[in-house]
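Colleague: I am new to this structure. Could you show me how to read its features one at a time?

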Amino acid sequence: MFNFSASLVRAFGIGKSKTGTDHFKEMKISSILLLILVPLFIMTFGPIVGENHTEVTSYFAKPFPSLVCALTLIVGFSHFKSGATVAIEDYSHGKVARFLVNGVTALSYSAMAIGLFAIAKMVF
């Protein structure tokens, strides 16, 4: 007998956990975004390295360099959070895993907020 519901579950990629391939899709999308953003970041950040404080702040007051830097921070740290979470869930279990995942999430969002605050402080 043909099990329609099992075939439908396989077709939509949702397994027993009902989350499917969300981590995989999130990592692929952020990888593609980083593939575009990192070279842009290097091209916008490279010319200003070694300059004095006033030149750096006036450079990052422009919208394009500050936007590229902010997007790279956001996508980079969310990619880090997803990858580290998957690695922790693979190798740790129970309360230790939950503690480590919460720590990585807090570290990621804290670093993202500090970076965005620094960019905003240079812009305004």
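Colleague: Is Phe 60 buried or exposed?

Modeller: This is a predicted model, and the reading is a computed one. Buried means under 20% relative accessible area. Phe 60 has 4%, so this residue is buried.

Colleague: Is Tyr 59 buried or exposed?

Modeller: Tyr 59 counts as buried, with 17% relative accessibility. That value falls under the 20% cut-off.

Colleague: What describes a pair of aromatic rings?

Modeller: Two things describe such a pair: the distance of the centres and the angle of the planes.

Colleague: How many aromatic pairs are in the whole structure?

Modeller: A search of the whole structure gives 3 aromatic pairs. One of them joins Phe 41 and Phe 45. Their ring centres are 5.1 Å apart and their planes lie at 10°, so this pair is stacked. Planes under 30 degrees apart count as stacked.

Colleague: How many residues apart are Phe 41 and Phe 45 in helix H2?

Modeller: They are 4 residues apart in helix H2, so about one helical turn separates them.

Colleague: What kind of pair do Tyr 59 and Phe 60 make?

Modeller: Their ring centres are 5.5 Å apart, with the planes at 85°, so the pair is edge-to-face. The cut-off for that label is over 60 degrees.

Colleague: Which residues do ring pairs link into a cluster?

Modeller: The cluster holds Phe 41, Phe 45, Tyr 59 and Phe 60. Within it, Phe 41 and Phe 45 are partly exposed, while Tyr 59 and Phe 60 are buried.

Colleague: Now the surface. Which residues make the nonpolar surface patch of about 330 Å²?

Modeller: Ile 32, Leu 35 and Ile 36 make this patch. Take Ile 32 as the example. Ile 32 sits in helix H2, which covers residues 22-45. Its relative accessible area is 52%, so Ile 32 is exposed. Exposed means over 50%.

Colleague: And the whole chain? How many helices and strands does it have?

Modeller: The chain has 5 helices and 0 strands. Along the sequence the pattern reads α-α-α-α-α. Of the 124 residues, 25% are buried. The accessible surface is about 8800 Å², and carbon and sulfur atoms hold 73% of it.

Colleague: What share of the contacts with a separation of 6 or more comes from residues 24 or more positions apart?

Modeller: Such residues account for 68% of those contacts in the chain.

Definitions and conventions. Residues numbered from 1 in each chain as written. Predicted model: local features only at pLDDT ≥ 70, side-chain atom pairs only at ≥ 80, totals over all residues. Heavy atoms only, no water. Patch = residues over 30% accessible without salt bridge, like charges linked within 9 Å, V, L, I, M, F, W, Y side chains within 5 Å. Areas by Shrake-Rupley, 256 points an atom, 1.4 Å probe, with all protein chains shown as cover. Salt bridge = Lys/Arg side-chain N within 4 Å of Asp/Glu carboxyl O. Helix = DSSP H or I, 4+ residues; strand = E, 2+ residues; numbered from the N terminus. Buried < 20%, exposed > 50% of the residue type's maximum accessible area, 1.4 Å probe, protein only. Phe/Tyr/Trp six-rings, centres within 6.5 Å; stacked < 30°, edge-to-face > 60°. Contact = heavy atoms within 4.5 Å.
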